[in-house]
Amino acid sequence: MAAMSRVEERRRQLEQSLGGEHLYANRVRVYSKAVKGPMRRVKWAVLAFCLTIYYLLPWLRWDRGIGRPSQAVLLDIAARRYYFFGLEFWPQDIYLLTGTLIVAAVGLFLVTSLFGRVWCGYACPQTVWTDLFMWFEREIEGDRNERMKRDAGPLGLDKLWRKAAKHATWLFIAFWTGGAWIMYFADAPTITRQFWTGAAPLPAYFFTGLFTFTTYALAGWGREQVCTYMCPWPRFQSAMLDEQSLTTTYQAWRGEPRAHGKRDPSAPPAGDCVDCGACYTACPMGIDIRDGIQLECINCGLCIDACDHVMRITGKPERLIAWDTLADQKAKQEGRSVRFRLWRPRTVIYFAALAIAMTAMLTALALRASLAIDVEHDRAPLFVLLPDGGIRNGYTVNLTNRTQAWAPFALSVTGLPGATLANGTTPRERHRVLTLSVAPDSIADFRVLLTAPPDAPKAPRRPIGFVLRNPTTGAQTSYGGAFMGPATYSGGGP
Amino acid sequence: MPTKIEKDAVTGTDTTGHEWDGIKELNTPLPKWWVYVWLACIVWAFGYMLLYPSVPYGVGYFHGLLGYSSRAEVTHEVAEVDARRDIYMKKIAAEPFAAILKNPQLMQVAETAGAITFAENCQPCHGQGGSGRIGYPALAAGAWIWGGTLDAIRQTITHGIRSGDAAARDSQMPPFGKSGMLQPAQIEQVASFVWSKFYGHATPGHATPGHATPGQNVTAGAKLFAANCAVCHGANGEGNPAFGAPRLASHVHLYGDLRAAIVRQVTDPRLGVMPNWNGRLDPATIKAVAIYVHSLGGGE
């Protein structure tokens, strides 16, 4: 009954601290016990995979040619250029980031509607770092019982050095985490050298410190409280889940009534659950899965591994706690079984939304233009009457060259016969097609003077088109503008 | 002061001893942290009064131990900006126009300084972007009276036109009508000739037919023009920037393109004045304005 009383105790403490003068529940410390099994192995594999990417990705080199960053993934905030392997993004591509976030969100919805909160249990950074921190905690302070005993005991030399060693290790990992973060924003070898010689910019130290602190505090101290109280995801996950979603489920129809010890045929019939407490001592969230699906459960499945171990010992079939759907549970209670339905209206809609969003994103990515033109008409004067009777309009033309070579752009105008273009710096050199060169990977402004000949028909406003062509790539784009003229006109006569 | 503190039976809080018609005041003092912050603010205020300008007395005020003044701070900051700007403005003053045009950095400074100075000093008459209006030349159009090269523009800005400056540009159009050199009928003839031959008939907005029938006085007017006007304005109305004689064969005219304006100008000419800016703007700024005006589109 000792095990049972721990859960009772926890519930009692929570209720007590919620009543009366306390505004918040006091935290009941979770001492999760180490388990072995397939879920645990998957969790370790995902952890290793995610952390390897996080810590090592900035060190991956990528040849982009001389004078350009050689880091595969680099977010160069100062230069406003974002590199992902062979792709280069500008701030103007923000819609692609928006699209990526939409894809990520819908993907999360889809996975959650199929397999419950597996993101929370396996891949969320909070879970990954908490798991890593817990592993070091076990290595230094021992497993559940040892830690509980030591924490309850007096402060001695043994307790002191173990606690100190644990926090030092946590802080070291946290610092490494914060340090890896800044490497995504600057050349990794350079910033590392600068960091240790004191030559790095102040934000580098600030963000290293900030993420050292957040990693240490959230993974070391916050842990399950982050998921339960801080994270918004558990609050609306129920909108994605239904009775057809796979979740970590206690098979109450098989386990209840729970009872200790050997099954005695003469005694009242008992279920498969021996009430050993393996499931909730293994739980990193400090809950009892036998209470049913609940807000705190992150679907990590560690209780499955813990229970399977006990089932093997007692000689009962495994998976008393299993990945299962609520619909199947209900059916099994009635002696039937239903199959897991991969295709349901919900998943079809999520999948379709995901497919549409990804197609749109990939199309947008593939069709990104290598050149762009923006034109602003002079505010004043709207037009200038020239001595020869011609009309001139002034424009500020903004040209974007996203190629890695100088672009000798050719600018021409449609809808205004006989019109000539001149660069504002050399107004007398007028051309039908004006050449404006823009440096590689940059944007430039030009003042452009557009002159209509004296015999051109006059109108207050005439829609025209600016056509921009890059002769080296053949790429072409256009901009719809206007050519302004006199508001009133009456023909000759003295 | 009450000697005995009474506890309120309902809330268990001490009372202050104040009582009004049986209503007793509970003693619920401000939070300690609030009181301490308040006291700290008072201490801070005294220090502040001592260090910074604070107490006025009659004709003056206490300047504070730090001697701070917001006026002095502004002066200092303006001087700092001037010092930074001076590096470029000195170069603009020293270099010839040809060298400045080739230096993108100097051009950027010159065009910015020129645009700002133009907006503050020139725009009231010449219009935004040099659009011009009646009596004030349209600088963007390039219908230059005194020449549109960078040096000519700088000369005009520096010394002005009929400004009284010793080196000012000056020209006199004789008052043909007022002085009696031409009779009103002759002036009508000249005006008809100039208007029909040189002025842009397609000029927008201002065409007001009905003053004279074209062709009627043109032959007489042509003779009068050749005798009286062509010496300055040129036989083909091409003008002469050397004397500041406006080009007549144009669509852009200083006093508008009405025939009546020609009559008026021949009878009793208006002679516009442009101030000399050498007393108000330094040579480097004048050069910057010249570069800006030149870049409006009409520069030669």
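In chain B, buried residues make up 32% of the 300 residues, where a residue counts as buried if 20 or more other C-beta atoms, placed from the backbone, lie within 10 Å of its own, as exposed if 12 or fewer do, and as partly exposed in between. The model is predicted, so local features need pLDDT of at least 70 and side-chain atom pairs count only at pLDDT 80 or more, while totals for chains, interfaces and linings use all residues. Residues are numbered from 1 along each chain as its sequence is written, and chains are lettered from A, with ligands numbered from 1, in the order in which they are written.

The table sets out overall values for the two chains.

| Property | Chain A | Chain B |
|---|---|---|
| Buried residues | 27% of 494 residues | 32% of 300 residues |
| Radius of gyration | 34 Å | 37 Å |
| Box along the principal axes | roughly 125 × 60 × 50 Å | roughly 120 × 55 × 40 Å |
| Helices and strands | 16 helices and 15 strands | 11 helices and four strands |

Helices (H or I, at least four residues) and strands (E, at least two) are DSSP runs numbered from the N terminus.

Two residues are in contact if their C-beta atoms, placed from the backbone, lie within 7 Å. Among contacts in chain A between residues at least 6 apart in sequence, 68% join residues at least 24 apart; in chain B, 61% of the contacts with a separation of 6 or more are between residues 24 or more positions apart. For chain A, the domain assignment, which is automatic or comes from a database, gives domain 1 (247-333) and domain 2 (371-484), and the C-alpha centres of these two domains lie 75 Å apart.

A nonpolar core is a set of buried Ala, Val, Leu, Ile, Met, Phe, Trp, Tyr and Cys residues joined through C-beta atoms within 7 Å. The largest such core has 54 residues, and those touching the most other members are L450(A), A141(B), A288(B), V289(B), A290(B) and V293(B). Helix 11 (residues 283-294) of chain B gives the most to this core, with eight residues. Leaving aside residues up to four places away in sequence, A290(B) touches L150(B), I153(B), R154(B) and I157(B). A second, separate core of 27 residues includes C120(A), A282(A), I287(A) and C303(A).

Elsewhere in chain B, I262(B) is found in helix 10 (residues 259-267) and is buried, with 25 other C-beta atoms within 10 Å. Again not counting residues up to four places away in sequence, I262(B) touches A191(B), V194(B) and W195(B).

In chain A, three strands form an open antiparallel sheet in the order 1-2-3, where two strands pair if DSSP finds at least two bridges between them. Strand 1 and strand 3 (87-89) of chain A stand at the edges, each with a single partner strand, so one side of each is left without a neighbour in the sheet. Strand 1 (residues 73-76) and strand 2 (residues 81-84) of chain A pair over four bridges and form a hairpin with four residues between them, in whose turn R80(A) has a positive phi of about 55°. Across this pair, D76(A) has R81(A) as its bridge partner, and L74(A) stands opposite Y83(A).

Methods
Rg over C-alpha atoms; globule rule 2.2 N^0.38 Å.
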